[in-house]
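Trainee: Can we go through the helix and strand geometry here, and can you tell me what the labels rest on?

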Amino acid sequence: MSEKYVVFDFETTGFSAQKNEIIQIGAVKYDENNQEQARFNQLVKNQRSYVSTEITQLTGIKPADLLNQPTIEEILPEFLDFIKGHLLVAHNAPFDISFLYQAIIDCAITDVEAFRVYDTLAESKKLLTMSSYALENFKDLLEMNDLRSHDALNDCLITAKLYQYLQKIEEVELSVESEVTDELGQLDLFGDISDEITDSLRRKLNLPITKALVYYQQNLERKWERFEVLGISIEREYSVGSSLNIRLHNSEKVKIHSDFLKEMQKANFVTIMEEEK
């Protein structure tokens with residue numbers, strides 16, 4: 001089923017969301033009919049890492065270009081408002097999502113909606129046969145060779161075209177999947193779906209099997225608080241993880257992406273977050 005979506009891409013100073021940072025945000029918003037609605041294109045001032053010569057050669061972004069740009073703290077709320085309520089589309093989405101989550105943590109932003117994500121890289125590997133699935137290798141197929149790669153906005157335009165191309169291929173599969181979903185939905189007539197944390201659910205979400213699951217959030221003093229997770233239900237599944245509803249020991253319910261909940265189970269999760277401030 002068609003829905004509103006935002007294609008987004010980050011240029012960064014490196015590959016680690018904890019050690020590196022976002023230096024360009026590109027995003028293009030589309031309606032249910034694939035009609036472009038708005039664009040978001042912003043350079044971001046680096047604060048904790050350098051823009052190397054290799055990054056400049058790859059992206060065209062020079063250190064001097066960032067000196068008078070807004071910081072991530074200044075621009076992130078605007079970007080979150082831009083993408084709110086939309087499916088997020090990206091090529092190699094886990095990379096960009098990891099930087100987005102890290103930026104949200106660094107900026108101490110709370111009450112962020114659970115992201116719904118479609119990864120054109122993962123879906124391309126399922127549906128297409130290519131010698132390489134790097135985004136720039138799709139430009140010939142999509143007749144977009146005039147756009148320079150590794151520019152956040154240009155990469156968004158290429159990814160959008162690829163997403164639309166994949167959607168056409170998936171139409172029949174989505175139709176069958178919709179019928180199955182409708183049948184499963186009849187279970188709601190017999191009561192609420194259980195949020196029991198079974199071993200099979202843990203394996204499906206790549207969560208630890210033998211220990212209690214935990215959730216961390218920062219309080220008003222920006223101190224990390226630890227909560228035990230007592231229930232998990234899958235709200236929706238995507239090519240990259242799932243949107244989850246989790247129930248905490250105090251009966252509070254929280255929405256979170258499965259990949260981020262998985263990161264929280266690491267013994268050094270809080271330590272890493274504190275060290276990278």
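Predicted model: local features only at pLDDT ≥ 70, side-chain atom pairs only at ≥ 80, totals over all residues.

Trainee: What makes β8 and β9 a pair?

Mentor: Strand β8 (residues 242–248) and β9 share 5 bridges in the antiparallel sense, and the rule asks for at least two. S243 sits opposite H257 in β9.

Trainee: In which order do the strands of the open sheet run?

Mentor: The order of the 4 strands is β6-β7-β8-β9, with antiparallel pairing. β6 (214–218) and β9 (253–257) are at the edges with a single partner strand each, so one side of each has no neighbour in the sheet.

Trainee: Why is α3 called oblique to α4?

Mentor: The axes of α3 (residues 72–83) and α4 (residues 93–106) come within 10 Å and cross at roughly 120°. Under 35 degrees is roughly parallel, over 145 roughly antiparallel, 65 to 115 roughly perpendicular, and the rest oblique. That makes α3 oblique to α4.

Trainee: Which residues of α3 and α4 meet?

Mentor: With contact meaning heavy atoms within 4.5 Å, I72, L76, F79, L80 and I83 in α3 meet L100, A103 and I104 in α4.

Key
Residues numbered from 1 in each chain as written. Heavy atoms only, no water. Axes fitted to C-alpha atoms, helices over the stretch in contact; angles between N-to-C directions. Helix = DSSP H or I, 4+ residues; strand = E, 2+ residues; numbered from the N terminus.
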